[in-house]
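Hi everyone, thanks for making time. I'd like to walk you through a structure, and we'll go from one residue out to a whole chain.

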Amino acid sequence: MMIHNLRGRMLLLGGLTLLMAVAAFGSLLLGAVPLPLHRILAALAGHGDSVTRTILFDLRIPRTLLGLAVGAMLGLSGASLQGFLRNPLAEPSVLGTSSAAALGAVGALYFGFAQLHALMLPAMAIGSACLSLVLLFFLAGRSESSLTLILAGIAVATLAQAGISLALNLSPNPFAAMEIMTWLLGSLENRSFDHLWIALPCIAIGIVLLIWDGRALDALTLGEDGAIALGVDLRRTRLRLMLGTAIGVGGAVAVSGTIGFIGLIVPHLIRPLTDRSPSAILLPSALGGAALLTLSDIAVRLIPTTSELKLGVVTAFLGIPIFLLHLLRERRLW
Amino acid sequence: MVMLTLRGVGVTLGRRTVLRDIDASLTAGMLVGVVGPNGAGKSTLARAIMALVPSRGEIALDGRTVSTLRRPDLARQIAYLPQGQTLHWPLTVERLVGLGRLPHLGPMSRLGDADAAAIETAILRADVADLRHRVATQLSGGERARVMLARALAIEAPALIADEPLASLDPGHQIDVMDLLRDQARQGALVIAVLHDLTMAARYCDRLILIDEGRLIADGSPQQVLTPDHLAMVYGIDARVDMEGAWPSIIPMGRRHL
């Protein structure tokens, strides 16, 4: 039985890794400029023409790597929060840190700091996410309960969203408002390695902190008293969860804008393929999130529209069928 | 052999004093029943022993104050079966019973042979072997109660606290659970069960603790504790109490109007 479980898990992880690799390769292959496979392979091998090399190394590789990292962070964070809050509707934005990161970015656009340096916007977004974390700690206090955490998260998110609305409201001209709106829709377009270097450390810290607590999340199946009585230090679990989500998701939003639904739907797609325990979906959700976001980013490039479709729009449309499926299952229509 | 000592234990939740001045000394090998009316403080006593609520006075396990023990250490010493059967995710029975091994595992280690053996023993003792691949949230109340008990047994702790383990069980399953708790005590564990069924308490428990309005009213053998006077005072009922022979019974007859 144990061997069978282990084999099933290896199969799942292997399959998701393969899917992720295929998505990443597809992301290198497809773009605004059609590049044949042999030229891409030549450039990857270190020779090939300079145009191909520029497109590949300055545009497609950073975009692909960012897609993988941001997707992994959102998927993992969603799985982790759903487990901790014992609520299948939880997602990375419930703690308010992604809204706060967006507010920082909007501030950079509104006050014109974004024009000073390309990294000014992500830096301000991360700074704002960290500030919101301080506020979250202040509001949620030292209690172990998950309800206080949700309430504090809603307070932080509402405050950040009010700030974003204010910036849109006070925008000096429609173009400035449009610039903010466009950024908020979420995209991986025109990102460089600089963006990757600013997001990656945050995401790495986030992933390490969130992967740690699988066992505590399993114990929470029995409720908070049940978990504590099994030796779980809920306070530390909650601390790691808050830090991991704030830093990781803050870093992800800083470079990609707000991309919804990945963190919500990936755990739902993964859960039926596992034994449904919260720990079993953590790593697969990271891999699945990476694959799904990269595939969505390919769809953005393939769907013919006059201006490029924004990533957050595609993921939002992806979320709808998953919600419907869940609704039908709840109503026991099948 | 574990020994649990309560000295002047009190609990205040918000502004309400739920427990006051509870003294008791409980030793291994005993099945101890905690009885009393709704809201008397029975569950709070169980939660105080598990250090789930802050308490005054001293609660010591083998001379060590429980609230100063590291969580995993306390979890290995006392298995706790909370009231109700909260289950937030649809785990399989085997996986659920396996949660009982958490206190024995390091942060990243996997279940080993000793853990697998403990899980197997617990599954057999609670008689849930035929349910092992079922999803626990889809079981009947009686099945789920046995699975939860198996989860507590898998910890292999020298003490077990069960909060209303008989709630919502039919008479057959009540007997199964009480047999199992008594068996656990006979094997050398200290077993504390919060109970509402006084006849079951009288038949199975070696010792009873009667609580009312947060105070200890009586502590002793079922014969000493379940007297008509005590029942009238605590529950406000007239009861026919028969403690003679092998099958003691307590039959509530009606409300006593004071």
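This is a predicted model: local features need pLDDT of at least 70, side-chain atom pairs count only at pLDDT 80 or more; totals for chains, interfaces and linings use all residues.

**Starting with one leucine**

Where does A:Leu327 sit? You'll find A:Leu327 in helix H14 of chain A, which covers residues 311-330. Now pick out A:Trp212 as well: A:Leu327 and A:Trp212 are 115 residues apart along the chain, and their C-alpha atoms are separated by 32 Å.

Okay, on to a pair of helices. Two packed helices are described by the angle between their axes and by the distance between those axes. Our pair in chain A is H5, residues 120-140, and H11, residues 234-256. They pack at an angle of about 155°, and their axes are 8 Å apart. Angles over 145 degrees count as roughly antiparallel, so that is what H5(A) is to H11(A). As for handedness, H5(A) and H11(A) make a right-handed crossing.

Which residues make that contact? On the H5(A) side they include A:Pro122, A:Ala125, A:Ile126 and A:Leu133. From H11(A), you get A:Met242, A:Ala246, A:Gly250 and A:Gly251, among others. If you sort the contact of H5(A) with H11(A) by class, there are 12 nonpolar residues, 3 polar ones and no charged ones.

Let's move over to chain B. Its secondary structure comes to 9 helices and 12 strands. The C-alpha trace of chain B spans about 60 × 40 × 35 Å along its principal axes. How does chain B do against the rule for a compact globule? With 258 residues, such a globule would have a radius of gyration near 18 Å, and chain B has 18 Å, so the two agree. Of those 258 residues, 44% count as buried. Here's another number for chain B: take the contacts with a separation of 6 or more, and 65% of them are between residues 24 or more positions apart.

Last stop, where the chains meet. How many residues of chain B are in contact with chain A? It's 21 residues of chain B, in contact with 21 residues of chain A. On the chain B side, helix H2, residues 71-77, gives the largest share, with 3 residues. By class, that side of chain B has 15 nonpolar, 3 polar and 3 charged residues.

That's my tour, so over to you for questions.

Methods. Residues are numbered from 1 along each chain as its sequence is written. Chains are lettered from A and ligands numbered from 1 in the order in which they are written. Axes are lines fitted to C-alpha atoms, for helices over the stretch in contact, and angles run from 0 to 180 degrees between N-to-C directions. Helices (H or I, at least four residues) and strands (E, at least two) are DSSP runs, numbered from the N terminus. Angles under 35 degrees count as roughly parallel, over 145 as roughly antiparallel, 65 to 115 as roughly perpendicular and the rest as oblique. A crossing is left-handed if the near helix is turned anticlockwise from the far one by less than a right angle, and right-handed if clockwise. Two residues are in contact if their C-beta atoms, placed from the backbone, lie within 7 Å. Ala, Val, Leu, Ile, Met, Phe, Trp, Tyr, Cys and Pro count as nonpolar, Asp, Glu, Lys and Arg as charged, and the others, Gly among them, as polar. The radius of gyration is taken over C-alpha atoms; the globule rule is 2.2 Å times the number of residues to the power 0.38. A residue is buried if 20 or more other C-beta atoms lie within 10 Å of its own, exposed if 12 or fewer, and partly exposed in between; C-beta atoms are placed from the backbone.
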